[in-house]
Amino acid sequence: MRTPAARRVEGPQQSRITMLKITVEDQALQDSLRHLAERDIRVAATWALNDTASDVLQHVQDRMDEVFDRPTRFAKNAFTVRGARPTKLEAEVIERPSVGRRHFLKVQEFGGQRGQTGLEGLLSARLAYDGHIQAAVPAAGAKLDAYGNWSSGERNQALSAVQAQRDRTANTTDRSRRRNRKRAGFFVPREGSKLSPGIWKRNPDGSIQKILHFTTVAPVYEERLGFFDGAAEVYADRLPFHLKRTLAKMVSRRASGA
């Protein structure tokens with residue numbers, strides 16, 4: 001058996017994390033189980049590798065519950081299993097092909113400066129604002145969803161009000177603003193204002209509260225939150241169990257003539 005390790009694949013876009021690669025060198029198994037055909041051994045090893053990889057994936061998702069505050073489904077589904085085959089006794093726990101190169105888990109695990117989110121890029125491109133927006137962080141007055149993120153409802157209302165929607169037809173018009181005078185309004189302070197940079201909310205009673213901070217500095221994370229921690233230990237613990245089980249299953253299948 002080959003010792004597994006977590007690694008980052010470097011490339012033009014640092015495109016993929018291979019979290020754990022699990023390999024079975026099948027020669028020892030063939031020597032001790034000669035009553036099984038080579039194909040039988042490889043099939044049983046394939047089952048064991050894939051079941052072990054699934055255990056590792058579950059461990060990583062459980063670790064996210066420990067190191068993150070209410071991780072979203074997007075975060076927990078960032079990794080998947082690339083299964084072994086009888087012709088290739090190697091299973092991998094890797095990030096999904098749909099995960100982009102800027103996925104926040106890369107920075108959270110390996111450290112470094114976080115790139116702009118989609119919201120931050122949209123504000124930089126569309127908002128009529130004299131300053132530079134590198135990052136945007138919910139303020140104390142923001143409505144949060146069950147995961148602690150800025151609620152999509154308030155976000156869409158705010159972006160429409162400050163004319164920053166990707167679809168310009170979704171922006172609030174003067175006519176709709178006059179029609180809904182009793183609704184809360186949103187604004188960005190003008191240059192020279194005593195209010196700090198960001199998006200503010202004006203309530204129907206005239207009070208205001210800040211809902212989004214603008215900063216000119218990108219967030220920087222310390223290296224390694226550690227949601228990979230323990231993956232190799234899970235591999236070492238579970239693979240022998242799964243091999244014993246799948247080989248017994250294959251022996252039973254052949255003894256019954258299946």
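Start your tour with helices H2 and H8, whose crossing is right-handed (the near helix is turned clockwise from the far one by less than a right angle). Helices here are DSSP runs of H or I with at least four residues, strands are runs of E with at least two, and both are numbered from the N terminus. This is a predicted model, where local features need pLDDT of at least 70 and side-chain atom pairs count only at pLDDT 80 or more, while totals for chains, interfaces and linings use all residues. Residues are numbered from 1 along each chain as its sequence is written, and side-chain values use heavy atoms, without hydrogens and water.

Select residues 38-67 for H2 and 231-255 for H8: the two pack at an angle of about 145 degrees with axes 7 Å apart (axes are lines fitted to C-alpha atoms over the stretch in contact, and angles run from 0 to 180 degrees between N-to-C directions).

Next, pick strand S9, residues 208-215, with S6, residues 135-138: they run antiparallel, joined by four bridges (pairing takes at least two DSSP bridges). Here Val137 has His213 as its bridge partner.

Look for Trp200 opposite Lys210. Five residues lie between the strands of this hairpin, where Gly206 takes a positive phi near 95 degrees.

Finish at H5, residues 118-126, where Leu119, Glu120, Leu122 and Leu123 are buried (under 20% relative accessible area, 1.4 Å probe, protein chains only). What do these buried residues pack against? Their partners are S6, helix H6 (152-161), S8 and S9, with contact meaning heavy atoms within 4.5 Å.

Definitions and conventions
Buried means under 20% relative accessible area, exposed over 50%, partly exposed in between (1.4 Å probe, protein chains only).
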